[in-house]
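Hello,

I have a structure to hand over to you, and it comes just below. After it you will find my notes on what turned up, written so that you can follow along with the model open.

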Amino acid sequence: MQGKLVIFSAPSGAGKTTIVHHLLNKFPDKIQFSISATTRQLRGAEVHGKDYYFISKEEFLHRIAQKEFVEFEEVYSGTFYGTLRSEIERIWQTGKHVIFDIDVEGGLHLKRKYGDDALAIFVQPPSLDVLIERLRGRGTDSELKLQERIAKASKELGYADKFDVILKNYELDEACANAEKLVLDFISQ
Ligand code: ADP
Ligand code: 5GP
């Protein structure tokens, strides 16, 4: 089948990974996570082929040349992330819809490409200060990486209006309940 695409985008630290994990646990027979390819180093408990396909820069550039990506970005300087066409097709073949956790530019790129088959959701934190607190609280990035993420985040917060829906992530339970409804409504259309 040609399924749908549910895209969660936001600046790093807004809570999209947390919300996407919640949805995957809630609707395991309806949606599946699009595993992106990246050149960044594996972090903490991440697993190759589950969280990301961790590949070398050489392999990433080769796959760009082979036109294997539906979108890719150099999200942070020297670090590439991208969605493989084969990943979307693999998931559709299982009869499920695809759910994405992807940066703002990448999310808008997919929306432009897939139109009404895609729902682009912007996850909005209460403020930049709260986002910074969450990023620090997550404790996964060095101070240098953190500063890079914060600089990018303050710019990306201004992109919210370009999305189909803005999902406020203030209280996590409420955000997850609203996300469930958005996804169910969209995939049952
Ligand atoms: P992203 O995927 O957008 O970078 P994460 O899902 O990793 O963000 O969330 C960043 C941090 O904020 C995590 O430590 C997560 O547990 C926490 N977090 C997410 N949503 C909320 C919320 N509504 N209230 C408080 N903390 C949250
Ligand atoms: P992280 O390093 O925190 O896992 O991800 C950094 C950023 O890259 C996040 O905003 C994440 O959503 C984004 N990202 C992950 N996969 C992709 C992808 O395939 N394409 C794009 N454009 N961004 C991605």
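A polar contact here means a pair of N or O atoms within 3.5 Å. By that cut-off, arginine 40 makes one with ligand 2: a polar atom of its side chain lies 2.7 Å from a ligand oxygen. Please keep in mind that this is a predicted model, and that every value below is computed from it.

**Ligand 2**

Let me stay with this ligand for a moment. Its surroundings comprise 17 residues, and the closest are Ser36, Arg40, Tyr52, Glu71 and Tyr81.

Where does ligand 2 sit? Its place is the largest pocket. The elements that contribute two or more residues to the shell around ligand 2 are S5, S6 and strand S7 (97-102). S5 gives the most, with 4 residues. Sorted by class, the shell around ligand 2 holds 5 nonpolar, 4 polar and 8 charged residues.

**Ligand 1**

Now to the other ligand. Around ligand 1 there are 14 residues, and Gly13, Thr17, Thr18, Arg138 and Asn169 are the closest. Which atoms of the protein come up to it? The side chain of arginine 138 has a polar atom 2.9 Å from an oxygen of ligand 1. The backbone takes part as well: an N or O backbone atom of glycine 15 is 3.0 Å from a ligand 1 oxygen, and a polar backbone atom of leucine 172 is 3.4 Å from a nitrogen of ligand 1. On its own, ligand 1 has 560 Å² of accessible area, and the protein covers 75% of that.

The space that ligand 1 takes is the largest pocket, which is also how the place of ligand 2 is described. Helix H1 (16-26) and helix H5 (128-138) each supply at least two residues of the shell around ligand 1. H1 gives the most, with 3 residues. By class, this shell is made up of 4 nonpolar, 6 polar and 4 charged residues.

**Some single residues to look at**

Two loop residues come first. Threonine 39 is in the loop between strand S3 (36-38) and strand S4 (52-54). Is threonine 39 buried or exposed? It counts as buried, because its relative accessibility is 16% and the cut-off for buried is under 20%. A polar atom of the threonine 39 side chain lies 2.9 Å from the backbone nitrogen of phenylalanine 80.

Glycine 78 belongs to the loop that runs between strand S5 (69-76) and strand S6 (79-84). With a relative accessibility of 29%, glycine 78 counts as partly exposed. Glycine 78 and arginine 40 are 38 residues apart in sequence, and their C-alpha atoms are 8.8 Å apart in space.

Lysine 67 is worth a look for its backbone. Its phi is near 60°, a positive value in a residue other than glycine. You will find lysine 67 in the loop between helix H2 (57-65) and S5. Lysine 67 counts as exposed, because its relative accessibility is 64% and exposed means over 50%.

Glutamate 174 is part of helix H7 (residues 172-187) and, at 51% relative accessibility, counts as exposed. From glutamate 174 to lysine 16 there are 158 residues in sequence and 14 Å in space, C-alpha to C-alpha. Tyrosine 114 is in helix H4 (residues 104-114). At 18% relative accessibility, tyrosine 114 counts as buried. Tyrosine 114 and arginine 40 are 74 residues apart along the chain, with 27 Å between their C-alpha atoms.

If you want a place to begin, go back to arginine 40 and its side-chain contact with an oxygen of ligand 2, then turn to arginine 138 and its contact with an oxygen of ligand 1.

Best wishes

How values were computed
Residues are numbered from 1 along each chain as its sequence is written. Chains are lettered from A and ligands numbered from 1 in the order in which they are written. This is a predicted model: local features need pLDDT of at least 70, side-chain atom pairs count only at pLDDT 80 or more; totals for chains, interfaces and linings use all residues. Side-chain values use heavy atoms; hydrogens and water are left out. A residue is near a molecule or strand if one of its heavy atoms lies within 4 Å of it. A polar contact is a pair of N or O atoms within 3.5 Å; within protein, one must be able to donate a hydrogen and the other to accept it, and residues adjacent in sequence count only if both atoms are side-chain atoms. Accessible areas come from the Shrake-Rupley method with a 1.4 Å probe; for residues, only the protein chains shown count as cover. On a 1 Å grid over the protein atoms alone, a cavity is a set of points where a 1.4 Å probe fits but cannot get out, and a pocket is an open set with protein on both sides within 12 Å along at least five of seven lines; lining residues have an atom within 4 Å of a point. A molecule sits in a cavity or pocket if more than half of its atoms lie within 2 Å of its grid points. Ala, Val, Leu, Ile, Met, Phe, Trp, Tyr, Cys and Pro count as nonpolar, Asp, Glu, Lys and Arg as charged, and the others, Gly among them, as polar. Buried means under 20% relative accessible area, exposed over 50%, partly exposed in between (1.4 Å probe, protein chains only).
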